[in-house]
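Here is my note on the salt bridges and the sheet packing. Please read it with the model open.

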Amino acid sequence: MLTIFGELSGAPVWVPAVLLVILSLALGFLARFILLRFIRYWQSRDRKLFKSLEKHLRGSMFLFIPLLMINVGVNYITIQPESLGFITSTLNVFIILSFCSILIRLTNVAQDMLFIRYDINLSNNLRARKIRTQIMYVKKVAMVLLVSFCLTLILLSFPAVRKFGTTILAGAGVAGIIIGFALQKSLINLFAGIQIAFTQPIKIDDAVVVENEWGWIEEINLTYVVVRIWDLRRLVLPITYFTENPFQNWTRNNAQILGSVFLYLDYSMPLEPLRQHFEKILGETKLWDQETKVLQVTDTTDKTMTIRMLMTAQNSPTAFDLRCYVRERMIEFVQQNYPQSLPQVRATLTDSGIEKPKDQPSL
């Protein structure tokens, strides 16, 4: 490439520059093509890793390699000194941005690999949900640090900034204090997020009850949490909500859920057939995890007795489906075999035999 530029020394000024850009783009495209072909070739050994690399690096490598080549080749073509400084500074800025983009995409690759290792689709996924929560939060913090580092490198690439670095740092310190007061709420949310990521009162896919709504933790971001409500609505809460307010976490230590079903039946209902049918229902469904099954009379009133059935499931969505399934089948059993034992209101009409006084007017 340098020989070609030497031979073009007598050509117009713009010819070597255009040729440099074209050759750099061509070589960059070729290098990208070879890299992607290499990744596809090695997919047979670790398909998931190389598939993630191909997915995330496909676009970011296209500009990085040509920019490096242009940055090197620009010193070997004839350009006016004042223009050369501007071009070099601009190239450095875009190289830094491109490099930062590659680093951010590599963090996505690392996240993909860790997510594959810690799969939350398993029945006993407590540890996987803990690790995923930390991975997602650490990744977001790492991206903020990478962007901040990138911006710092861009500023330091300008001689004027390096020359007045001490003055700028002092001004940045004062500005940081002012911005800190202005963004106090956001900073509190940020530190609350760090606390939640490592103490973990909530984790990704936890079943929670917040603001009288039942749902699952879908996202834990730097300053807010997204709860997916059972009817597919999204409840967005500041992350400090979970450090300052009480809430219910149904899967804090285990994904397993204990579900309950209540029936209100007449005293004429025999309990043993009811218990046998309850056990038969659980034995016929895969929703039950085969650990807990209890049927008890937990309360009585002057009209009915309260039958409580307890059963366990692998997770909260399965437990909800199991409760509905058991409730329907038990009501169907009582309707078909003991309809007289459904809740009833009794009234007894008797003749008191008391003679009304003669002076009392009849109604």
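1. E284 and K280 both sit in helix α11 (residues 271–284). They are four residues apart, about one turn of the helix. Helices here are DSSP runs of H or I with at least four residues, strands are runs of E with at least two, and both are numbered from the N terminus. The model is predicted, so local features need pLDDT of at least 70 and side-chain atom pairs count only at pLDDT 80 or more, while totals for chains, interfaces and linings use all residues. Residues are numbered from 1 along each chain as its sequence is written, and side-chain values use heavy atoms, with hydrogens and water left out.

2. E284 and K280 form a salt bridge, with their closest N and O atoms 2.7 Å apart. The term requires a side-chain nitrogen of Lys or Arg within 4 Å of a carboxyl oxygen of Asp or Glu. E284 is partly exposed at 46% relative accessibility. K280 is partly exposed too, at 45%. Buried means under 20% relative accessible area, exposed means over 50%, and partly exposed lies in between (1.4 Å probe, protein chains only).

3. E284 has a salt bridge to R329 as well, at 3.7 Å from N to O. This pair links distant parts of the chain: E284 is in α11, R329 is in helix α12 (residues 316–337), and 45 residues separate them.

4. What does I281 touch, leaving out residues up to four places away in sequence? Its contacts are Y325, V326, R329 and M330. Contact means heavy atoms within 4.5 Å. I281 lies in α11 and is buried, at 0% relative accessibility. From I281 to M330 the C-alpha distance is 8.4 Å, across 49 residues of sequence.

5. Next, the sheet. It is open, with three strands in the order β6-β8-β7 and antiparallel pairing. Two strands pair if DSSP finds at least two bridges between them. The edges are β6 (257–265) and β7 (293–300), each pairing on one side only. Neighbouring strands are turned by 25 degrees against each other on average, direction ignored. β6 and strand β8 (residues 305–313) pair over nine bridges. S260 has L310 in β8 as its bridge partner.

6. How do the helices meet this sheet? α11 lies across β6, β7 and β8, at about 140 degrees to β7. α12 packs on the sheet and touches β6 and β8, its direction making about 20 degrees with that of β6. Axes are lines fitted to C-alpha atoms, for helices over the stretch in contact; angles run from 0 to 180 degrees between N-to-C directions.

7. How many salt bridges does a search of the whole structure find? The count is nine. Among them is E218 with R234, at 2.8 Å from N to O. E218 lies in strand β2 (residues 213–220) and R234 in strand β4 (residues 234–238), so this pair ties together parts 16 residues apart in sequence. E218 is partly exposed at 25% relative accessibility. R234 is partly exposed at 43%.
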